[in-house]
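Trainee: I would like to learn how to read pockets, cavities and aromatic contacts. Can we work through a case together?

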Amino acid sequence: MTDTTISPRGGVPERPSLDGLEETWARRWQEDGTYAFDRTKERSDVYAIDTPPPTVSGELHMGHVFSYTHTDTVARFQRMRGRTVFYPMGWDDNGLPTERRVQNVYGVRPDPSLPYDKDWRPPAAPVDDAARKNPTAISRRNFIELCELLTVEDEKAFEALWRRLGLSVDWSLTYTTIGSAARAASQRAFLRNLARGEAYQAEAPTLWDIGYGTAVAQAELEDRERPGAYHRLRFTGPDGREVLIDTTRPELLPACVALVCHPDDERYADLVGAAARTPVFGVEVPVRAHPLADPAKGTGIAMVCTFGDLTDVTWWRELRLDTRVVIGRDGRLLPEPPAGVPAEPYAALAGQTVNGARRTLVELLADAGDLVGEPRPITHPVKFYERGDRPLEIVSTRQWYLRNGGRDAGLREELLARGRELRWVPEHMRHRYEHWVGGLTGDWLVSRQRFFGVPVPVWYRLDDAGEPDWSHPLTPDEAMLPIDPTSEPPTGYEESQRGEPGGFTGDPDVLDTWATSSLTPQIVGGWETDPDLFARVFPMDLRPQGHDIIRTWLFATVARSHLEHGALPWHTAVLSGWILDPDRKKMSKSKGNVVTPMALLERNGSDAVRYWAANGKPGMDLAFDPAQVKVGRRLATKLLNASRFALGLGAADALRAAATQPLDTAMLAELSGVVATATTAFDGYDHTAALMATEAFFWRFCDDYIELVKERAYGTGPAADSARAALATALSVQLRLFAPVLPFVTEEVWSWWRYGSVHRSPWPTTYEVGRAMEAPGDPELLRLAADALGQVRRAKSERKLSMKADVPLAEALGPAAVLDRLGTVADDLRAAGRIAKLDLLPDRTTELVIACAF
């Protein structure tokens, strides 16, 4: 690696400034291919990053700036260490978030029954609330085109912000999760899962989001505390026995299929195996025992409804109970009662919303005398889709599933073993992975009833009655991918046979967005399309991501790679924490405490914002602190000014000369330790520790060393040459140490006096620093000299004198060994402190004391 590949030296400007550096260097880096991936290198020379593709459904936020800055420091460090860095950028633009954004921006809704209208045009500007509440229906294809149109514009804005932030991405490697390559890879992986029996279709209870109108997976759930009420219902047991049931969902009474108690609960032991009748409807249901029943909850016996919650699903499956579904996909009670439920009482509920049906049924219970007491208000956790705003229901639907160990103990253990192979930063994050995998209760539901996504690539034959043959899907050849079965016929059929008896129908669903995002290493690595590239980058070196999506993105990627390649998709996972507001609350749009990054970048400069972000360690949350951003700007400004001063002394021409004076070698010896510390920290993915060590030294370098040697450096002769040589080495090394965090200011200063780009220059080594010293230095000597100078300054300050005031006499008191060492830098101390006469008085005190006489 060399540092002479880009541009000539530019010279030191008269008035250096941070303003405008982002535009200047972002353009130059692009023009010069500074961060281009060299695909001729062997795998051992490649460092490949599986960059998170941000969701293109709104604005980027400070959480993005935080975590992506961390990744960029890794990329820059590895590049300077001699690796060619495979650092792509993707856009996650398919799925529910994009659809919702399009619907809100343009006031439209997709209707698959409508034909495509090639002349339809969207509104010229975002619509108002009235249009959003009464959206215009458009065809599925028109809607998809609109999604594609909006995501392209969003991606431009996102790329502009990333360039402003200084991400060292190779922009020729950009991809989208809805692009042709991603669709083909996603469909290819699905078809191979299907061929191996890892993907399957089933009619089963499904978590359903009413607002989005789609199934959701276990990994997308979150509990939210919501108000509710316990209602005590009177069931009738054998011989008219009263059986009281507490429930928060009385509207599901017509869906009741059993009562369940704990096997050891003596209160209901004689009921097990018998039957009870439901109130209002008089339906006979069995009483069964199951260990999940909690004797301490409510009355200790529960009604099982199909389906009120996930426990109902477990009881229904394990006890082999009947099915009585009453809630439809629209969130309303079905127009007809399930088999065995009398129509007359059910008619009052048909077509009502869940809340409406609850109120009606409570009235019916009260009228029948089967509501015992008044409802008791409670607050309890309710399942929501993580992006939804209405409680989930459980409805019976036909869906596609992918095996993930939820129902296969052998596969579960294999995936746990993969987690143990992976290097986790920080290590404790592995436990979150293991907790998730160990707690899976079912396979991964990967189909979605939406529009803008990767189509499930199968068709179904229709029998003579026009009914689909679900058990034998028709699949395309991989060479045909990507395909859309809703607009393309399968091999051997004509489009005219679509929907006709004896013909075919395409699967109308799309794959879950995670089913595509879980293949990002394969998509960007050219799996099956560019074998040469894939061999150079897979398995990748790094997966950086948020800790909150271990259960989704990280686990899903591990599972897909394990099933397809029998290997981990990467060697290391680095997890980011959350961004908190100044009150240490998580930032979110719903709380109104989000900070928009672009304005902050423009106001303070990108290096300042990156400095704030780099102060957050992997896995740790970080509060947004404007004061910390200002510290970062002061640091960048000081780097400009200190560099200008050092170069103004002629340091540029002394770069390869050796430092000979004790103070100079002392400074370089300390710098060598900083290089070792920073290198070890970066190797351990601890950018924060590297920055802290570098920054602490830099301020000592400016406040102590430069002040101590500047008078000597202005002069001539061997001592002055030594100072300039030390300044040159220190400046060169520190610019490279800061480069991963502060890319703009370091590149600017580098361009004043060095060739090429600092970001293509070799990472500094202790050998390099040691070679710049004629003899080994004593790092404590600089601290001793700084202590002495500090005492002289304090003496002047206490007397309210200028720092330029002369000191006629100064006496240095302390242990003889200390004063002997101080004597080696006495000339620098006298010059910096403007001391006319310095007397060394050994063994008068136990510590160094500088007494000044004025």
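The dialogue below takes up pockets and cavities, then aromatic pairs, then charges over rings.

Mentor: Keep in mind that this model is predicted.

Trainee: What is the volume of the second largest pocket?

Mentor: A pocket is an open set of points, whereas a probe in a cavity cannot get out. Here the second largest pocket has a volume of about 630 Å³. It is lined by 25 residues. Closest to its centre are Arg140, Ile144, Asp484, Thr486 and Ser487.

Trainee: Which helix gives the most to that lining?

Mentor: Helix α5, residues 140-165, with five residues.

Trainee: How many nonpolar, polar and charged residues does the lining of this pocket have?

Mentor: There are 12 nonpolar, five polar and eight charged residues in the lining of the second largest pocket.

Trainee: Which elements each supply at least two residues of its lining?

Mentor: They are α2 (62-80), β23 (540-546) and β24 (570-576). The most comes from α2, with four residues. Among the lining residues are Ser67, His70, Leu542, Pro618 and Tyr685. By class, the lining of the largest cavity has seven nonpolar, five polar and no charged residues.

Trainee: On to rings. How many aromatic pairs are there?

Mentor: The total is 27 aromatic pairs. Take Phe37 and Phe86, an edge-to-face pair with 5.1 Å centre to centre and 75 degrees between the planes. This pair links distant parts of the chain, 49 residues apart. Phe37 lies in the loop between α1 (21-32) and β1 (46-48), and Phe86 lies in strand β2 (residues 84-86).

Trainee: Are Phe37 and Phe86 buried or exposed?

Mentor: Phe37 and Phe86 are both buried.

Trainee: Why is the pair of Phe307 and Trp316 edge-to-face?

Mentor: Planes over 60 degrees apart count as edge-to-face. The planes of Phe307 and Trp316 are at 85 degrees, so this pair is edge-to-face. Their ring centres are 5.1 Å apart. Phe307 and Trp316 are buried.

Trainee: Which residues form one aromatic cluster?

Mentor: Trp29, Tyr35 and Phe744 do.

Trainee: Last feature. Where does the charged end of Arg141 sit?

Mentor: For Arg, look at CZ: it must be within 6 Å of the ring centre and within 35 degrees of the ring normal. The charged end of Arg141 sits over the ring of Tyr116, 3.8 Å from its centre. For Arg754, the charged end sits over the ring of Trp753, 5.4 Å from its centre.

Methods
Residues are numbered from 1 along each chain as its sequence is written. This is a predicted model: local features need pLDDT of at least 70, side-chain atom pairs count only at pLDDT 80 or more; totals for chains, interfaces and linings use all residues. Side-chain values use heavy atoms; hydrogens and water are left out. On a 1 Å grid over the protein atoms alone, a cavity is a set of points where a 1.4 Å probe fits but cannot get out, and a pocket is an open set with protein on both sides within 12 Å along at least five of seven lines; lining residues have an atom within 4 Å of a point. Grid points are joined across faces, edges and corners, and a volume is the space filled by probe spheres set on the points. Ala, Val, Leu, Ile, Met, Phe, Trp, Tyr, Cys and Pro count as nonpolar, Asp, Glu, Lys and Arg as charged, and the others, Gly among them, as polar. Rings of Phe, Tyr and Trp (its six-membered ring) pair if their centres lie within 6.5 Å; planes under 30 degrees apart count as stacked, over 60 as edge-to-face and the rest as tilted. Buried means under 20% relative accessible area, exposed over 50%, partly exposed in between (1.4 Å probe, protein chains only).
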